[in-house]
Amino acid sequence: MRKRLSFLASGLLVVAALQVFVPPAGAATGTVVSLAFDNGNISQYTLGYQQALQSHGASATFFVNSGTVGASGNFVSWAQLGTLAAAGNDIGGKTVNATNLTTDPNPTNQVCNDRATLIQHGLQPAAFAYPGGANNASVQAIVKSCGYGNARTAGGVSPGGAVESLPPANWMATKAYAPAAVTLANMQAVVNGAATRGGGWAQIVMGRVCSSTLDAANYSSCSTASGHIELADLNTFLDWVANAGQPGGAPANTTLRTVRAAASSADTTAPTTTISCNGAPCSSSPYSGIVTVALAATDVGSSVAAMTFTTDGTDPTPTSTAYT
């Protein structure tokens with residue numbers, strides 16, 4: 001269910017969109033699997049998408065560094081990211097150039113500029129991935145303030161072990177499975193382990209996709225890269241999940257969702273909106289002279305879709321003036 005939250009102050013109104021999910025009474029928790037492709041290697045598009053996701057009608061989340069998109073022919077292009085998004089895949093941010101945010105001298109620029117660039121190219125990034133999983137409370141606050149609804153670490157989930165809850169305890173530090181090599185066996189073990197514990201959210205992180213037949217020239221380097229997965233394993237896993245609850249398939253109530261879809265389904269918290277006038281809380285008294293007005297909104301979980309405003313006392317709509 002889509003709702004809009006309005007905040008009125010001094011004639012300005014902020015509108016933020018969010019998804020609210022109310023599970024039906026008695027519904028099974030199940031296991032939600034989100035496939036996450038990190039760093040935008042071209043094999044994720046030519047093999048992961050074109051040779052696996054597309055043929056299965058499945059979607060995943062692609063976390064990219066905006067500074068390397070289209071670089072050297074080894075990374076996905078902006079056009080390819082647009083194709084992925086149009087096909088129902090989710091595009092998330094991962095800083096401009098994969099820097100460690102806990103040591104970078106200007107982490108705000110790394111996060112906010114990255115997201116702004118994705119938006120300028122017509123994408124709608126709601127999820128963020130910390131490079132190397134490195135984060136702390138300060139970095140989490142920056143990611144939230146830049147407009148992301150959730151952010152992913154690089155640990156906390158293991159084969160046969162616990163997975164993330166949905167909703168998670170901390171939207172800005174969600175757990176994930178990010179091994180050095182992603183195999184069919186360990187992906188299935190993650191899902192089976194979650195099922196035995198009543199379900200949960202399993203984000204599985206992958207880097208390069210390898211195929212000795214379709215990409216022989218790059219197979220040697222691919223098969224030793226961190227987070228690599230064999231194309232055959234990816235296809236078999238997608239078949240396994242598609243047959244959930246059937247003989248030879250994944251446990252019943254196992255579903256595949258993008259990070260955005262998983263977050264939206266569990267986000268029941270309204271956005272927080274604020275307004276300031278001349279750098280301070282707005283006064284109810286009239287102002288004399290020029291007033292500089294700033295609007296801000298955050299929404300943990302699904303993220304803020306947009307802010308619109310009016311200055312004539314009428315209620316804004318999605319087609320009102322957009323605040324940037």
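Helices (DSSP runs of H or I, at least four residues) and strands (E, at least two) are numbered from the N terminus. This is a predicted model, in which local features need pLDDT of at least 70 and side-chain atom pairs count only at pLDDT 80 or more, while totals for chains, interfaces and linings use all residues. Residues are numbered from 1 along each chain as its sequence is written, and side-chain values use heavy atoms, without hydrogens and water.

**View A. The end of helix α2.** Gly88 follows α2. The phi of Gly88 is positive, near 100°.

View B. Helix α2 spans residues 78–86, and Gln80, Leu81 and Leu84 in it are buried (under 20% relative accessible area with a 1.4 Å probe, protein chains only; exposed is over 50%, partly exposed in between). These residues lie on the same side of α2 because they cover an arc of only 100° around the axis, taken from the directions from the helix axis to the C-beta atoms. Ala79 and Ala86 are exposed, on the face turned away from the buried side.

**View C. What covers the buried side of α2.** The cover of the buried residues includes α1 (43–56), β4 (61–64) and β5 (90–93). Contact means heavy atoms within 4.5 Å.

**View D. Helices α5 and α7.** Helix α5 (residues 184–196) packs against helix α7 (residues 231–242) at an angle of about 30°, and their axes are 9 Å apart. The two are therefore roughly parallel (angles under 35 degrees; over 145 is roughly antiparallel, 65 to 115 roughly perpendicular, the rest oblique). The contact involves Leu184, Met187, Gln188, Val191 and Asn192 of α5, with Asp233, Thr236, Phe237 and Trp240 of α7.

Definitions and conventions: Axes fitted to C-alpha atoms, helices over the stretch in contact; angles between N-to-C directions.
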